[in-house]
Structure formats: C-alpha cells, structure tokens
Amino acid sequence: MRKVNKKAFTLSELLIAVVIIGVISAITISSLIQTTQKKELEAGFKKQYSALKQAIIMLKMNDGLDFTPDNYKSTFMEKLASQYNVIQDCGHINYNQGCILLDDDSSFSYYKSFTNGTLSRSYFDDGGFISADGTLFLIEQGSQAQDKIGNYLVTVDVNGYTKKPGKMGYDLFMFQITTDGDVLPMGANNTYFSNYREDYCSKSTNSSNNGYTCAYYAAVDKDYFTKL
C-alpha cells in the first residue's frame, strides 16, 4: 500500500491559533459585558425616573401643596423619603456623614463627571437616602436649586452607590421637581441648566458640572446608553 503523508500542525502554529482564539474570546466577552451593563443602566434609569414621578404624584396628592420652600422649608427630603422603603439615611455630604464621604482633604471624588473628571457636589449635597433596592437619592434644597419653575433637585444613582461606574450621565442622573409637581430630567426646557444642555453633557468639556444635563438626553434619545 502506498503511504499517505499527513501534515500535522506544529507546536508554534497551535500556540498561535490558541492566542488568536483567546484574543477573539476576550474581545467578545468584553463587548458582551459592556452591552449588558449599558442595558442595565438604561433599565435602571427608566425605572427610577418613573418611580420618582410616581412618588412626587403621591406626595402632591397627600399634601395638596406646591413644592415651594414656604410649604416644605427643609423637609422636602423627609417627605420624599416617606414615599420609599428607606433603609439608610445618608445625611449631609458637606458634614461628611452617612453614605457619601469626602476625601481626607475635604475634596469630593466619590463620583466623577461625564468625562471622568472632578464633579461638583454643589447641586446634590443637602442630604440623601438609600431605598430598599439599593438606589441612592441625593437632594438639593438650598439656594442652588431655587428657580422660577422649581426649588428642589433630586439626583439618583440608578444602580446603587456601591456599584460602578459612579459617573454623572452613566448611572447618576439629575432631575428637577417643578413647583406644581412635574419631574423633569435636568436639561429639559426651562430646567435650571437648560441653557447649558450641550455643554453639561459633552465628551469634550472638562467642566465640573459635566453630566448634569445628561438626564435629558437619556430621556429623549433611544440610543443614548448604547452610545456611552
């Protein structure tokens, strides 16, 4: 019988094939993880936006009051918390108590801006609480929030304050409560930062307020999260 020579792979060829397969697998897995995370953030945003609107509706029905400092003074946070199953009071960030703590030098780095830079805490540092599902609510009820259409700002970490990425416009979103009880994503027409809508949700600015108006885009752009 005639012998047939069978060519086998060399060890180096096998190693190259294994490396290629490993690289492709790593890229695929990384892409799947990112896609899953984005979908989770989108679902969390929609859920918490809807829940916040419902909480404000119930609060309005129960109290029958406009959301003004004369009616609520500094009790807005307590009233809002009453609409949730709260498991922890986070206290006042500036007093360095509760959930979100300042750095040793009193700077703030717990959350980052949309471009991963320093984020100003000035518009969500008057208190906060955590609901039973781990969602963090941060409140601004001081002079920074007072505006012609509303006097309270609510910033929500939609996937919980212990989970990454911890960035404004990714898992942290700001909303404005109007005097008559509407909940508007920050950046929407007539909200506090509507004139800075593009500047404060931009991949090309280093502003410490960058990310504040991303809630608007998250609410109106169906592809917002896939583009993160």
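**Notes on the disulfides, sheet and cores**

1. Let me start with a disulfide: cysteine 201 is joined to cysteine 214, with an S to S distance of 2.0 Å. Bear in mind that this is a predicted model. The link of cysteine 201 and cysteine 214 is right-handed, with 105° about the S-S bond. Distant parts of the chain are tied together here, since cysteine 201 lies in the loop between β6 (183–185) and α4 while cysteine 214 belongs to helix α4, 13 residues apart.

2. Cysteine 90 and cysteine 99 are both buried. Counting bonded cysteines along the chain, the pattern reads 1-2, 3-4.

3. On to the sheet. Six strands make up an open sheet, ordered β1-β2-β3-β4-β5-β6, with antiparallel pairing. At the edges sit β1 (86–89) and β6, each of which pairs on one side only. On average, neighbouring strands of this sheet are turned by 30° against each other, ignoring direction.

4. Strand β4 is worth a look on its own. How many of its eight residues are buried? Eight of the eight are, so β4 is largely enclosed by the rest of the structure. On one pairing, β3 and β4 run antiparallel and are joined by five bridges; leucine 136 stands opposite aspartate 157 in β4. On another, seven bridges join β4 to β5, again antiparallel. Valine 156 has phenylalanine 173 in β5 as its bridge partner.

5. If you want a residue pair to check by eye, glutamine 176 has leucine 184 in β6 as its bridge partner.

6. Now the packing. The largest nonpolar core has 34 residues, and the members touching the most others are Phe76, Leu80, Val154, Phe173 and Tyr224. At least two residues each come from α1 (11–63), α3 (76–81), β3 (136–140), β4 (150–157), β5 (172–178) and α4 (214–220). Which element gives the largest share of this core? That is α1, with seven residues.

7. Phenylalanine 173 turns up again here, as one of the members that touch the most others in the largest core. Leaving aside residues up to four places away in sequence, phenylalanine 173 touches Phe45, Val154, Thr155, Val156, Val158, Met168, Cys214, Ala215, Ala218, Tyr224 and Phe225. That list takes in Val156, its bridge partner from point 5, and Cys214, a disulfide cysteine from point 1.

8. As background, nonpolar side chains tend to be buried together in soluble globular proteins.

Methods:
Residues are numbered from 1 along each chain as its sequence is written. This is a predicted model: local features need pLDDT of at least 70, side-chain atom pairs count only at pLDDT 80 or more; totals for chains, interfaces and linings use all residues. Side-chain values use heavy atoms; hydrogens and water are left out. A nonpolar core is a set of buried Ala, Val, Leu, Ile, Met, Phe, Trp, Tyr and Cys residues joined through side-chain atoms within 4.5 Å. Buried means under 20% relative accessible area, exposed over 50%, partly exposed in between (1.4 Å probe, protein chains only). Helices (H or I, at least four residues) and strands (E, at least two) are DSSP runs, numbered from the N terminus. Contact means heavy atoms within 4.5 Å. A disulfide is a pair of cysteine sulfur atoms within 2.5 Å. Two strands pair if DSSP finds at least two bridges between them. Axes are lines fitted to C-alpha atoms, for helices over the stretch in contact, and angles run from 0 to 180 degrees between N-to-C directions.
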